[in-house]
Protein chains: 2
Amino acid sequence: MYPIITISREFGSGGHSIGEKVAAELNIPFYDGEIVSKVAEECGYAKEIVEDQGEYSSGSNKWLDISAASAIYFQSPQDTIFISQKKVILDCAKKGPCVIVGRCADYILRDENIKSLNVFIHADYAHRKERVLAKYGDIEDVNIEKRLAKKDKQRKTYYKYYTDCNWGDYKNYDISLDNGNIGEDECVKLICDVYKNME
Amino acid sequence: MYPIITISREFGSGGHSIGEKVAAELNIPFYDGEIVSKVAEECGYAKEIVEDQGEYSSGSNKWLDISAASAIYFQSPQDTIFISQKKVILDCAKKGPCVIVGRCADYILRDENIKSLNVFIHADYAHRKERVLAKYGDIEDVNIEKRLAKKDKQRKTYYKYYTDCNWGDYKNYDISLDNGNIGEDECVKLICDVYKNME
């Protein structure tokens, strides 16, 4: 009944890792970085650009000047990437049960009437900071709180722009979990339990 | 570690029923309507008034004129009820593990550094409409959608006024669940699982 699991997440909340473990536990494919390569192939942009633009929206990025000038007549590069990304996500979903991380997948599937179990993972600043430092190391001259807030804002803006819904709003998700308080293994267990119960 | 469970919920989402079942399953006290009697006793207002004013805030209610006139010099009736309610909730929490429904309990406990497992229950309009009709019957001349939206708005305003936080915002809760999609028994199981795992 719910063959697809989508995972949306705050930056540094551990959503990627939870998604990976859920996919392993359920023995189904896991799509996160893999989507980037497929989208790059599909739309012709370099992987780095797809990665940078495929989930983040920024009011002051390198594309803005080109976009502003061309938007009246042409499709913006971000829109091209979004359209390719949508196609790749729908292709993944059509292949069968899987876990897809980020990229408005919950909205894209809902919009096509494809049932999915939609999960949102969050955590407080302290837990996210700890996780980001453990993963990427201490980055000099970078204020981690500001970086977390900026990434969240970009994801929020991107989601709003392409879905006209609010990222993180409980209405979009079947389950929202605080990974900082609940813990990764328990989050994985909960998601797998709901999934199995809904099959 | 998390002896108290607070349940916040959209009107008609089944949060009361889930809380009751969780309390029964864990064999701990359940507080919802019971709080009303205790608050009435505590502050001297009639039960009906405490029930009406203890969780809902409205821009056009019978208290407004009195409040507006007296707010400069006196404590408003709603504030008196809120203060009594806070005292009653803290008293309940201090007695030991329990489930408390609504009334900003998550915020009140957090504000006093009392650890709690905070749950938010929601469901889409169709599920809530079905539940409200099944519980209260068809009420003539009442548009159910409007009634649901109004009750949510009142709870949202009440929560914002007394906590300065946003009702339903994922940041306030450890778990948010869509009871319409997940189902009551599975919601009860998940909450009990997390609770037991955190003990």
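A charge is said to sit over a ring if NZ of Lys or CZ of Arg is within 6 Å of the ring centre and within 35 degrees of the ring normal. Keep that in mind for the first stop in this predicted model.

**Stop 1: a charge over a ring.** Select B:Lys151 and B:Phe11. The charged end of B:Lys151 sits over the ring of B:Phe11, at 5.1 Å from the ring centre. Now select A:Lys151 and A:Phe11: here too the charged end is over the ring, 5.1 Å from its centre.

**Stop 2: the two chains.** Show chains A and B together. Chain B is superposed on chain A by a rotation of 180° with 0.0 Å of shift along the axis, at an RMSD of 0.0 Å. The two copies are therefore related as by a two-fold rotation axis. To find the axis from chain B, select B:Ser176, whose C-alpha is the nearest to it in that chain, at 2.4 Å.

**Stop 3: aromatic rings.** Across all chains there are 14 aromatic pairs. Select A:Phe82 and A:Tyr162, a stacked pair with 4.1 Å between centres and 10° between planes. A:Phe82 belongs to helix 5 and A:Tyr162 to helix 8 of chain A, so the pair ties together parts 80 residues apart in sequence.

**Stop 4: helix 10 of chain A.** Select residues 184–198, a helix of 15 residues reaching 21 Å from first C-alpha to last. Eleven of the 15 are buried, so the helix is largely enclosed by the rest of the structure. Among the buried residues are A:Cys187, A:Leu190 and A:Tyr195.

Terms used. Residues numbered from 1 in each chain as written. Chains lettered and ligands numbered in written order. Predicted model: local features only at pLDDT ≥ 70, side-chain atom pairs only at ≥ 80, totals over all residues. Heavy atoms only, no water. Helix = DSSP H or I, 4+ residues; strand = E, 2+ residues; numbered from the N terminus. Expected span 1.5 Å × (residues − 1). Buried < 20%, exposed > 50% of the residue type's maximum accessible area, 1.4 Å probe, protein only. Least-squares fit on C-alpha atoms with pLDDT ≥ 70 in both. Phe/Tyr/Trp six-rings, centres within 6.5 Å; stacked < 30°, edge-to-face > 60°.
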